[in-house]
Amino acid sequence: MTIQRISRVALGAFALWLFLCAIAVMKAGAAPLGDLLEGSTLTDSVASTLGFGWLGAMLVMSGSPIAVASLTMLGGGAISPVQSLSMLTGSRLGASFVVLTVSFLYAMRSKADREQRRASVSIGIYCLLLTAIVYVPALTIALPLLRAGAFDGLNLGAPGSVLDIVDLLIGPAVDFVDRLVPSTPGLLFLAGLVLLLVSVRLVDLALPEAAETSYLEEHTDWRSRKWRMFGVGSLVALITMSVSVALTVLVPAVAKGYFRRRQVMPYIMGANITTLGDTLLTAFLVDKPEAVHVVLAELMTITAITLLLLALCYDWLQVHVTRLTDWILDERARLTGFVLIVFLVPIALVLVS
């Protein structure tokens, strides 16, 4: 093992430790947020927490921290399980906006020609549309299941011995942060959120750079096999613990012609499922059954909808999502309107509710 690999492993281990610390700090800081947010338009309904999660993910340019925040706030009693579920869904929609932002930045490069600019922006729109097609219907199914207590019989949680080991590893650091941060309500939660953002960034740095991808042009067959691409997308999102990272790599890959949009659809849909892996880990660490129920409700519904779409509607979905993407791109006014909608819908959800 080379020194570079050893350093990456060490950085990855430190990032995981920091991730655990961040969850503990956010959980402790979420307790006083209930009084702080009581009556607030951000958390007064399921619609507002959906918009809150959506806007939060766009603000921090990552969905994972907001998804974790939805569970730690639930653990601290600041929001209810159904609000946590809607906030979690919002974080996934906001995470897709990150891909759209990256696609615009990639298109602005001086070396990019017109076709590359169009292809890169199209993948950002593609990701947003596919995420909404799965996650919005999943929320409408998961909410009544959660309200009806469909998961109440599941008393899942991390073994006590595991939690004891975690407490032993992170306890001193969490106590230090608690003493360091002033007792002003909300500051401890924000401190934990900052630690979480840092840990996510360190995970990105610990991952090796993507290998040269020109060889992919020699293997056009596997890229057109939906279940294989579904597996690749699922694996990449699970390893990187970030759907934003897993999907942004598609921007240059599609722009350079290594993949076509219709080929990456199952990749995107697979990544949108396994990105909840770190969220499920958080639910166990929050040590509250309702947190696990929230993630299971989300995970089961999006998995069921995704598999049904891929099995029964794959060709139809390919054609119509591609047509809608091209229709948006054909005129600058439509593209501007699409971006405005992405911003205005979550704001409206927060204000109107």
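How are α3 and α17 oriented to each other? In this predicted model, the axes of helix α3 (residues 46-60) and helix α17 (residues 332-352) come within 7 Å and cross at roughly 140°. Angles over 145 degrees would count as roughly antiparallel; α3 and α17 are therefore oblique to each other. Their crossing is left-handed. On the α3 side, the contact is made by Ala47, Ser48, Leu50, Gly51, Phe52, Trp54, Leu55 and Met58. The residues contributed by α17 are Val342, Phe343, Val345, Pro346, Ile347, Leu349 and Val350. By class, 13 residues of this contact are nonpolar and 2 are polar, while none is charged.

Met58 lies in helix α3 and belongs to the contact with α17. The relative accessible area of Met58 is 8%, under the 20% limit, so the residue counts as buried. With residues up to four places away in sequence left out, Met58 touches Gly94, Phe97, Val342, Phe343 and Pro346. Of these, Val342, Phe343 and Pro346 are among the α17 residues that make the helix contact. A separation of 8.2 Å is found between the C-alpha atoms of Met58 and Ser91, which stand 33 residues apart along the chain.

For the chain as a whole, 17 helices and 0 strands are assigned. Buried residues make up 51% of the 353 residues. Among contacts with a separation of 6 or more, 83% are between residues 24 or more positions apart. The accessible surface of the chain is about 16400 Å², and carbon and sulfur atoms account for 66% of that surface.

Notes: Residues numbered from 1 in each chain as written. Predicted model: local features only at pLDDT ≥ 70, side-chain atom pairs only at ≥ 80, totals over all residues. Heavy atoms only, no water. Axes fitted to C-alpha atoms, helices over the stretch in contact; angles between N-to-C directions. Helix = DSSP H or I, 4+ residues; strand = E, 2+ residues; numbered from the N terminus. Parallel < 35°, antiparallel > 145°, perpendicular 65-115°, else oblique. Left-handed = near helix turned anticlockwise from the far one by under 90°. Contact = heavy atoms within 4.5 Å. Nonpolar A, V, L, I, M, F, W, Y, C, P; charged D, E, K, R; others polar. Buried < 20%, exposed > 50% of the residue type's maximum accessible area, 1.4 Å probe, protein only. Areas by Shrake-Rupley, 256 points an atom, 1.4 Å probe, with all protein chains shown as cover.
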